[in-house]
Amino acid sequence: MAIGLTASTIKVRPLVAPVRRGRASDSGAGGDQRERPFISSGMIAIMMVITSETMLFSGLIGSFLIFRMQAAFWPPPALPRLPIAVTWMNTVVLLASAVTMTLALRAVHRNRQRLTRHYLLATLALGVTFLVVQGSEWVRLVAHGLKLSSGVYGGTFYLLIGCHGAHVTAGVIWLACVAWLAMGGRYNARNAHGIELCAVYWYFVCAVWPVLFELVYLM
């Protein structure tokens, strides 16, 4: 028996499956599934800012150490002593704000918006408290004679601590904006990028402070 094969009797399956057009999934907004980049452009930008600020503080700390090692007496006998006890408590306040910021991040990733708002407001309150205490101590130090014109000791103190205070002030303003947006329901588990960027910057200012406290107040 002869068997005849013709092109009409042979069905060839395509090697590549056809692409289905239409709605990809209900999980994406408008059916558009776009993968989130591993590192966002905003995170890259904030990391570049932190890198440049780290270099700034490294230069200031290096200059401080040079003056510190060359001085015969530090601090000079005629100038007032820095408030160690109050600054210890203020350090605890700032480090506690890093904890509340971490809790705010955890809450927003779990889509618990009410807790997110509470922890953001707590972080903001602790940051403001830190600035108020620092400002009040500066007023007292100026009243007791420690000024920018009080030689290298006064100049380096206000430059280092003032530079950090300026960064904390910027962080507090940023925190206030983020907390305001959170009060309006802006952030959730799928949209937490704004809080994440603010948290990275806040962790930076919290991490710099113990180093400055050790060098300026305790060394």
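At what angle do the axes of helix α4 (residues 151-183) and helix α5 (residues 193-218) cross? They cross at roughly 160°, and the axes come within 10 Å. Axes here are lines fitted to C-alpha atoms, for helices over the stretch in contact, and angles run from 0 to 180 degrees between N-to-C directions. Angles under 35 degrees count as roughly parallel, over 145 as roughly antiparallel, 65 to 115 as roughly perpendicular and the rest as oblique. α4 and α5 are therefore roughly antiparallel to each other.

The model is predicted: local features need pLDDT of at least 70 and side-chain atom pairs count only at pLDDT 80 or more, while totals for chains, interfaces and linings use all residues. Residues are numbered from 1 along each chain as its sequence is written, and side-chain values use heavy atoms, with hydrogens and water left out.

The protein has 5 helices and 0 strands, in the order α-α-α-α-α along the sequence. Helices (H or I, at least four residues) and strands (E, at least two) are DSSP runs, numbered from the N terminus. Of the 219 residues in the protein, 36% are buried; buried means under 20% relative accessible area, exposed over 50%, and partly exposed in between (1.4 Å probe, protein chains only). Among contacts with a separation of 6 or more, 79% join residues 24 or more positions apart, where contact means heavy atoms within 4.5 Å.

Two packed helices are described by the angle between their axes and the distance between the axes. The crossing of α4 with α5 is left-handed; a crossing is left-handed if the near helix is turned anticlockwise from the far one by less than a right angle, and right-handed if clockwise. The residues of this contact of α4 with α5 comprise 21 nonpolar, 4 polar and no charged. In that division Ala, Val, Leu, Ile, Met, Phe, Trp, Tyr, Cys and Pro count as nonpolar, Asp, Glu, Lys and Arg as charged, and the others, Gly among them, as polar.

Helix α3 also packs on α4, at an angle of about 155° with the axes 9 Å apart. That makes α3 roughly antiparallel to α4. The crossing of α3 and α4 is again a left-handed one, and its contact residues divide into 20 nonpolar, 7 polar and 1 charged.

The axes of α1 and α4 come within 9 Å and cross at roughly 165°, so α1 and α4 are roughly antiparallel to each other. α1 passes α4 in a left-handed crossing. On the α1 side the contact includes Phe57, Leu60 and Phe64, and on the α4 side it includes Thr156, Cys163 and His164. The residues of the contact of α1 with α4 comprise 12 nonpolar, 3 polar and 1 charged.

Which residues does His164 touch, not counting those up to four places away in sequence? They are Phe57, Leu94, Phe130, Val205, Val208, Trp209 and Leu212. His164 lies in helix α4 and counts as buried, at 1% relative accessibility.

Gly155 is another residue of helix α4. Its C-alpha atom is 9.7 Å from that of Phe64, a residue 91 places away along the chain. Leaving aside neighbours within four places in sequence, Gly155 is in contact with Lys147 and Leu148.

Two loop residues come next. Pro76 is in the loop between α1 (41-70) and α2 (84-109) and is partly exposed, at 23% relative accessibility. Beyond four places in sequence, Pro76 touches Arg81 and Tyr153. Asn111 is found in the loop between α2 and α3. Its phi is near 60°, a positive value in a residue other than glycine, and Asn111 is partly exposed with a relative accessible area of 44%.

Last come the charged side chains. A salt bridge is a side-chain nitrogen of Lys or Arg within 4 Å of a carboxyl oxygen of Asp or Glu, and by this rule the count is 1. The salt bridge joins Arg140 and Glu137, at 3.5 Å from N to O. Arg140 and Glu137 are separated by about one helical turn because they are 3 residues apart in helix α3 (residues 113-143). Arg140 is partly exposed, with a relative accessible area of 48%, whereas Glu137 is buried at 9%.
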